Each structure stands twice: as C-alpha cells, then as structure tokens.
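Hello,

Here is the structure I promised to pass on. My notes on it follow below.

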Amino acid sequence: MTVEYTRLPSGLTIVTENMPHIESVALGAWIKSGARNELENEHGIAHLLEHMAFKGTNRRSARQIAEEIENVGGEVNAATSTETTSYYARVLKDHLPLAVDILADILTDSVFDPEELAREKNVIMQEIGAANDIPDDVVFDNFAGAAFRDQTIGRPILGTPDTVMAFRPDDIRRYMARNYTTDRIFIVGTGAIDHDAFVREIEIKFDSLPRQPETPPFMEEASYTGGDVRISRDLSDAQVILGFEGPAYHAHDFYCSQILANVLGGGMSSRLFQEVREIRGLCYSVYAFHWGFSDSGVFAVHAATGGEQLTELVPVVIDELHRVAESVDRSEIDRARAQIRAQLLMGQESAAARAGQIARQIMLWGRPIPNEEMMMRLENITPRRLTDLAGRTFYDTRPTISAIGPIGSLAPIDDIIHNLSFRERRKASAGL
C-alpha cells in the first residue's frame with residue numbers, strides 16, 4: 001500500500017492509498033474547523049452546518065441525496081468534533097464518481113432552505129435533550145467545561161437551545177465562508193482507487209470552493225483552568241472523571257501520554273482495571289484517557305460505580321496515580337506499545353478507518369506518518385520519561401473533577417487535591 005499526495009494550485013490537498021483486494025472506496029472531505037472555530041454567538045453552528053449539508057442543494061433535494069447514494073448500496077455521513085468536521089462516503093469502486101459528485105455538491109452548493117433549517121433545528125433540540133438525559137454525555141461535557149472554563153474549547157459541540165434556535169441561513173453561510181476554504185480542506189480516498197483519476201475528478205468537482213476566507217478564521221487560544229462540577233441525580237450509578245492538564249498534539253510528551261494512559265488504564269491488564277475493578281470490585285468500568293488538541297490537552301481517569309463505593313474508589317485511584325509516578329516497569333511499556341501497534345495496523349485493514357487515520361495525520365502534521373516512524377516515536381519512551389511525565393501531570397496542575405449521580409460521598413475537591421499532593425510532599429521532606 002502506497003500513500004500518494006497532491007496539492008492542487010487552488011490549495012486543496014488530496015491524499016489516496018490504494019488497498020489491494022478491496023472492492024470498495026472510502027472517501028471524504030476533512031475540514032480543519034470545528035466547534036472551536038465558532039464565534040461567541042455561533043455556539044453549535046458547526047454541528048448544525050454538518051446536518052444542513054445533507055438537506056438539499058441546487059441540484060438535489062435532501063431525499064435525492066439519500067436515495068442516490070443508497071441506490072448503489074453506498075453510505076454517506078458526517079461528524080463534528082472540537083477542531084475538525086468530516087463528510088465521508090463509502091461505495092463500491094464503480095460508484096466512486098457518484099460519491100465524489102455528492103460530496104462536492106453538498107460542500108459547494110447547499111441551499112440552506114429555511115424550512116429545512118427549521119425542521120433540522122427541532123432535530124437538534126431533540127439531540128440536545130437526549131444528551132442531557134445520558135449521564136455519560138453530561139459528565140464528559142461538564143468535564144470539558146470545567147477543564148477549560150468559559151472558553152470555546154470547553155463548550156458542548158451541540159450548542160444550546162437558545163443559540164441553535166437563533167441561527168439563520170446567512171449565519172451558516174458566513175461560518176462556512178470563513179472556515180470551508182481550500183487551505184483548510186483535505187480530501188482523502190482509500191481502497192480501490194487510482195490516485196491520478198481521483199485527483200482529476202476532485203479538481204473538477206471542487207473547483208468552486210473559495211481559496212481565501214472572507215474574514216480570518218477564529219480560534220481562541222486554549223488555557224487549562226481545572227475546576228469542579230458535580231450534579232446529584234437519582235441514578236443507579238455514579239460517573240466521575242478526575243483529570244489534569246495534558247500535552248497538545250505537537251508537544252514532546254504527546255506519545256508518552258498515550259503510553260501512560262495505556263499503562264494506567266488502557267485495558268484489562270492495566271493497573272486501574274486490575275486494582276480497582278478486579279481486586280477490589282469498586283466499579284464496573286474504569287479507564288484512563290488522553291485528549292490532545294492543537295494547543296493543549298487533558299489527561300484523565302473515568303470511573304462508573306455505585307455511589308456507596310466512591311468513598312473508597314477515589315483514594316484508590318489517587319494511590320495508583322502516585323504509584324505510576326514512582327515506577328513503571330519496562331514490560332508495561334512493551335505491552336502498551338504492542339496494543340497501540342495492533343490498533344494502528346488493524347485500523348489499516350478497514351478502508352474507512354484508514355481514510356480517517358490519514359486525514360488526521362495530514363491535518364496535524366502536514367503529511368502521512370509511516371508506521372515505522374510512528375513506532376519509532378514510541379520506541380523512544382522509557383520508564384523514566386513516564387514517571388517524570390506522571391509526576392508533572394498529577395502534581396503540578398490543578399485537577400478537574402466532573403461527577404454525576406449519587407455522589408454525596410465524593411470527597412470535596414480540596415481533600416482530593418490534598419491527597420494528590422500528600423505523597424509528593426512526603427517524598428520531598430524525606431529528601432527523595
């Protein structure tokens with residue numbers, strides 16, 4: 001498999017990878033713009049635009065868009081994240097021109113009909129209501145909001161009922177004109193695909209994309225704050241997240257944080273799973289994760305448990321944070337590295353997963369990253385680097401707490417901060 005790369009004179013980037021023995025093509029347009037690029041009065045508009053792109057163009061109605069792709073057995077969808085938006089399709093190789101035409105149509109010629117907009121607003125109202133009813137969604141939204149207080153990066157992607165209902169077609173067009181320009185759009189195709197033919201097709205179909213934004217794209221610089229958000233609800237379980245500031249994508253410690261999250265809580269053999277769930281039986285779910293953004297990040301532990309277990313669970317989690325800051329065995333790093341390598345290679349067996357992987361690499365690093373280079377970055381991680389990172393992460397930044405459910409027994413944040421710093425102060429006083 002060979003990755004081929006072309007940058008058109010318009011500024012549009014096209015990347016393909018031919019995958020032998022695959023009869024389908026996964027393709028999409030990834031835009032380097034998401035919820036973080038919204039102005040103060042645009043909260044939720046990136047997600048609304050993703051919905052409205054499928055609601056009709058000058059050549060196709062919403063129904064025609066759906067029928068044309070499904071008539072050939074294909075599928076089309078989209079997704080909005082904090083920093084990116086993607087529109088993607090999967091079809092058999094013979095129907096690649098149709099998929100390209102539909103994606104180009106919705107990205108260059110959507111009409112944003114007021115009646116369709118009114119209907120879609122109601123759909124999103126239901127989506128917001130459903131999210132507020134799901135404890136997992138609430139605890140993570142509140143976590144982001146507490147970690148990055150009063151910032152666009154910490155706002156829920158869906159927006160609020162007030163902001164969403166206020167949007168008009170021209171608001172969507174202004175956001176699109178500012179962010180959907182050729183220098184911020186990356187077209188990726190994988191599977192049964194010929195690069196040169198794909199480039200010719202894209203160059204024609206996407207020719208009307210604007211080269212320059214009407215006004216400069218907006219992105220507020222992220223500043224991790226930490227904080228504490230708790231919601232008491234009569235639920236069957238309690239959800240709690242304990243987090244800290246983490247490295248950005250381009251930071252020296254980015255890959256180190258991925259390994260640390262894996263060692264601490266990345267699978268059934270991880271420290272948290274074994275100690276908290278298997279040995280002590282304090283929860284039914286516990287894991288660690290690291291979210292990297294372009295200029296910041298968070299490292300956190302999420303646990304779901306009964307409310308009566310919180311009194312014991314949080315101190316045990318904190319104790320594991322202390323332990324990983326003191327020592328990491330080389331075998332743990334090797335196991336984490338093997339898991340990441342397996343995920344990387346298994347993802348390449350799916351054309352759709354591979355297209356997303358390539359798109360992320362292009363947007364973050366400006367080029368596809370060969371597997372060998374990716375693994376070499378992981379090879380340079382040592383136990384000393386991991387313990388050093390853990391110490392700086394868990395002791396040097398104010399924690400973020402997000403919890404929902406029967407959480408009356410959850411310790412106050414000042415007590416959690418004290419427990420986090422106690423062992424470090426003890427080591428320092430002992431001259432260790």
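Let me start with one contact. The side chains of Lys93 and Glu23 form a salt bridge, with N and O 3.2 Å apart. (A salt bridge is a side-chain nitrogen of Lys or Arg within 4 Å of a carboxyl oxygen of Asp or Glu.) Lys93 sits in the loop between strand S5 (85–92) and helix H3 (96–108), and Glu23 in the loop between strand S2 (13–18) and strand S3 (24–31), so the pair ties together parts that are 70 residues apart in sequence. Lys93 is partly exposed, at 39% relative accessibility. Glu23 is partly exposed too, at 47%. (Buried means under 20% relative accessible area, exposed over 50%, and partly exposed in between, with a 1.4 Å probe and protein chains only.)

A note on the source. This is a predicted model, where local features need pLDDT of at least 70 and side-chain atom pairs count only at pLDDT 80 or more, while totals for chains, interfaces and linings use all residues. Residues are numbered from 1 along each chain as its sequence is written, and side-chain values use heavy atoms, leaving out hydrogens and water.

Next pair. Arg36 forms a salt bridge with Glu83, and their closest N and O atoms are 2.7 Å apart. Arg36 is in the loop between S3 and helix H1 (45–52), Glu83 in the loop between strand S4 (75–80) and S5, so this bridge ties together parts 47 residues apart in sequence. Arg36 is buried, with a relative accessible area of 0%. Glu83 is buried as well, at 13%.

Arg277 is partly exposed at 31%, and Glu278 is partly exposed at 41%. There is also a network: salt bridges that share partners join Arg59, Arg60, Glu68, Asp101, Asp105 and Lys205. The count for the model comes to 33 salt bridges.

Now the whole chain. It has 16 helices and eleven strands. (These are DSSP runs numbered from the N terminus: helices are H or I with at least four residues, strands E with at least two.) The C-alpha atoms fill a box of roughly 70 × 50 × 40 Å along the principal axes. Buried residues make up 53% of the 432 residues. Among contacts (heavy atoms within 4.5 Å) between residues at least 6 apart in sequence, 81% join residues at least 24 apart.

Best wishes
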